[in-house]
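Here are some notes on charged side-chain pairs, for you to follow with the structure open. Take the points one at a time and find each pair as you go.

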Amino acid sequence: MTSRKLQVVSPVPADIDIANSVVPLHISEIAKDLNLNPDHYDLYGKYKAKVLLSVFDELKERQDGYYVVVGGITPTPLGEGKSTTTVGLCQALGAFLDKKVVTTLRQPSQGPTFGIKGGAAGGGYSQVIPMDEFNLHLTGDIHAITAANNLLAAAIDTRIFHENTQKDTALFNRLCPPDKEGKRAFNDIMFRRLKKLNITKTKPEDLTPEEVTKFARLDIDPDIITWRRVMDVNDRFLRKITVGQGPDEKGMVRETGFDISVASEIMAVLALTTSLSDMRERLGKMVIGNSKSGDPITADDLGLGGALTVLMKDAINPTLMQTLEGTPVLVHAGPFANIAHGNSSIVADKIALKLVGPGGYVVTEAGFGSDIGTEKFMNIKCRYSGLKPQCAIIVATIRALKMHGGGPLVTAGKPLDRAYTTENVGLVEAGCVNLARHIENTKAYGVNVVVAVNKFATDTDAEIAAVKNAALAAGAFDAVLCTHHAHGGKGAVST
């Protein structure tokens, strides 16, 4: 594969300085390494491209490569470096071991990016570039999710308004207006609702007055609507709002609020979908609340399934990028692990496994600790995709293990206590109970576990030995010291 040798310096500069010091290869060069031709992708500038789903159809008979998932010990404010390890491992495989490799990552939300957490492009000499584009708008997928989510939210309130201000006949005339010849017809999405109501008639004029009422009125209960509006910014003052206060809304006031865009169910749908048609069905089945009689109301009941799919038609294609050392990355979807399943998309992984082929590697990251991200990867993502990883990596740091062992309180942005910067084998050994449980949980899925010890300058040989001994005693296949943050792919070759 095309690769770029880094000129590393010590001490390690700031992430943004490293990212800006490297001129990315044109994305067509990255695509060429994967045997993609211009018909397989749409360019988004010089350094990004959308890989089309048709690539998978062309390669569906090809044998998959090896599948590796990267998780971590229970997260702490100190950070464990899952993204950095994922990228560093792929740089090692592609730039130093001459293997076909693709990294598959989630797209970061602007909320954490502008908060304390920061971006998710990796760090040090193991990053995805251009780092600023990766962490911000990228190719607009999150904006598409925002638009689709808020279209549905607007439709909910509009439907309640019309049902409260119009009689059944007027509602029915709006839903099935006559054409120029005075004829009415149901469209495809309306037949879905008719089937749900057990109405078998195919002509609007054949419906009885009772059937017209059932068809035209959703009778949404405004007090138990579960669908909220979203935006991709942490704006705490919009978490709870009141809508309907305008003079034309006739007093139809209700409380609702905003979530962050990546918390939208549409994001979870994007990550778990397997095709455009599958996404259409999933979007249409999303439940927005109940009727006053307790029946679930879906996006298709509102007639929105098709419109949501149109807004998402480009977002379903994963975005091709590159690491600092020129290895390919597919960035797609970004569900949080605490509210969804915390993994990048099925379609990106499936395409990547075909592109690398037999003997190649696809390395993906699961969010949060392995008890959330990796277990949801196995229990949810792999069950839908039918894929199974050959290896699971658990990232650990000496500093975080000390915190799990009872170390002093850590507050983001404040200097660390000396316990975290000087040798304390006892604290490390106490914290390894956390690591051991993650190994045990992950091994239960029948995959080999490798512990990646993400090294910091203050770690001592005795502390590192304690982690390795604890990992092997807990059943890990191996425990490996990693210095990819300081040395790029070269620092992860042994992993």
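1. Start with Arg217 and Asp168. Their side chains form a salt bridge, with N and O 2.5 Å apart. The two residues come from distant parts of the chain, 49 residues apart. Arg217 sits in the loop between helix H10 and strand S7, while Asp168 belongs to helix H8. Keep in mind that this is a predicted model.

2. The cut-off for buried is under 20%.

3. Next, look at Asp157 and Arg254. They form a salt bridge whose closest N and O atoms are 2.7 Å apart. Asp157 is in helix H7 and Arg254 is in strand S9, so the bridge ties together parts 97 residues apart in sequence. Both Asp157 and Arg254 are buried.

4. Now find Arg280 and Asp300. Their side chains meet in a salt bridge, at 3.1 Å from N to O. Arg280 lies in helix H12, and Asp300 in the loop between strand S12 and helix H13, so the pair joins parts 20 residues apart in sequence. Both Arg280 and Asp300 are buried.

5. Which residues are linked with Arg280 and Asp300 in a network of salt bridges? Arg192 and Glu281 belong to that network, together with Arg280 and Asp300.

6. Finally, the total. The structure holds 22 salt bridges. Among them are Arg217 with Asp168, Asp157 with Arg254, and Arg280 with Asp300.

Methods:
Residues numbered from 1 in each chain as written. Predicted model: local features only at pLDDT ≥ 70, side-chain atom pairs only at ≥ 80, totals over all residues. Heavy atoms only, no water. Salt bridge = Lys/Arg side-chain N within 4 Å of Asp/Glu carboxyl O. Helix = DSSP H or I, 4+ residues; strand = E, 2+ residues; numbered from the N terminus. Buried < 20%, exposed > 50% of the residue type's maximum accessible area, 1.4 Å probe, protein only.
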